[in-house]
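Subject: Structure handover

Hello,

Please find the structure below, followed by notes on what was found in it.

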Amino acid sequence: MAEVIKVGMADLNICVSPDGITTLGLGSCVGIAIRDPVTKIGGLAHIMLPDSKSIRNNSNIPKFADTGIEELVRRIVAKGANRGRLVAKIAGGAQMFSFQGGNSEAVRVGERNVEATKKKLAELKIPILAEDTGKNFGRTVIFYPETGDFVIRAVGKPERTI
């Protein structure tokens, strides 16, 4: 019987087919799903902030796009995936609140998370096959490394699979 592993906020985990992996409540946070399509080993990171270098004394590696993605890749490869075959899908990065002068850095955290995620994946030469990012609503995602399906659920919206 396949299991669906839960990943919390500022957390990550890996799984092997036929298991799936899920995270709830992606608002401005970004969910990064990475897999090796041959071994069907994959994982999911739920990042909250774009860059670990801006916060001192923070040991929560999965919290940030730069360190969380690197750690997710390290764990997937350690489990037996081929680094050169890894592919990604991303979701989240919404602007959950709108204020006057909506371009402030604090308000743009979702957009900055998406930019940092794309930058880190490009640095690691991991192609993004699909994304569902931005807009102004939260998402819950389920990732299946066996098929690569990334199921996206949002209140009041039809379920999407990318």
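Pro18 sits in the loop that joins strand 2 to strand 3 (20–26); helices (H or I, at least four residues) and strands (E, at least two) are DSSP runs, numbered from the N terminus. The peptide bond from Ser17 to Pro18 is cis, and its omega is near 10 degrees.

This is a predicted model, in which local features need pLDDT of at least 70 and side-chain atom pairs count only at pLDDT 80 or more, while totals for chains, interfaces and linings use all residues. Residues are numbered from 1 along each chain as its sequence is written, and side-chain values use heavy atoms, with hydrogens and water left out.

Backbone

Most residues other than glycine have a negative phi, and most peptide bonds are trans. Two residues that are not glycine are listed here for their phi. Ala10 has a positive phi of about 60 degrees and is placed in the loop between strand 1 (4–7) and strand 2. With a relative accessibility of 11%, Ala10 counts as buried; buried means under 20% relative accessible area, exposed over 50%, and partly exposed in between (1.4 Å probe, protein chains only). Lys125 also has a positive phi of about 60 degrees, and its place is the loop between helix 2 and strand 7 (128–133). Lys125 counts as exposed, at 71% relative accessibility.

Helix 1 has 14 residues and spans 20 Å from its first C-alpha to its last, close to the 20 Å expected at 1.5 Å a residue. That expected span is 1.5 Å times one less than the number of residues.

How do helix 1 and helix 2 pack? Helix 1 (residues 65–78) and helix 2 (residues 109–123) pack at an angle of about 45 degrees, and their axes are 9 Å apart. Axes are lines fitted to C-alpha atoms, for helices over the stretch in contact, and angles run from 0 to 180 degrees between N-to-C directions. The angle therefore makes helix 1 oblique to helix 2: angles under 35 degrees count as roughly parallel, over 145 as roughly antiparallel, 65 to 115 as roughly perpendicular and the rest as oblique. The crossing of the two helices is right-handed, a crossing being left-handed if the near helix is turned anticlockwise from the far one by less than a right angle, and right-handed if clockwise.

On the helix 1 side, the contact (heavy atoms within 4.5 Å) is made by Ala65, Asp66, Ile69 and Glu70. Helix 2 contributes Ala116, Thr117, Lys120 and Leu121. These residues divide into 4 nonpolar, 1 polar and 3 charged, where Ala, Val, Leu, Ile, Met, Phe, Trp, Tyr, Cys and Pro count as nonpolar, Asp, Glu, Lys and Arg as charged, and the others, Gly among them, as polar.

The buried residues of helix 1 are Ala65, Asp66, Gly68, Ile69, Glu71, Leu72, Val73 and Ile76. They pack against strand 2 (11–16), strand 4 (30–36), strand 5 (41–47) and helix 2.

Individual residues

Val7 belongs to strand 1 and counts as buried, at 5% relative accessibility. Apart from neighbours within four places in sequence, Val7 is in contact with Leu12, Asn13, Ile21, Thr22, Thr23, Leu24, Leu44 and His46.

Leu26 belongs to strand 3 and is buried, with a relative accessible area of 0%. Its contacts, again leaving aside neighbours within four places in sequence, include His46, Phe137 and Val141. The C-alpha atoms of Leu26 and His46 are separated by 7.7 Å, with the two residues 20 apart along the chain.

Asn57, in the loop between strand 5 and helix 1, is exposed, with a relative accessible area of 82%. From Asn57 to Gly138 it is 29 Å in space, C-alpha to C-alpha, and 81 residues in sequence.

Regards
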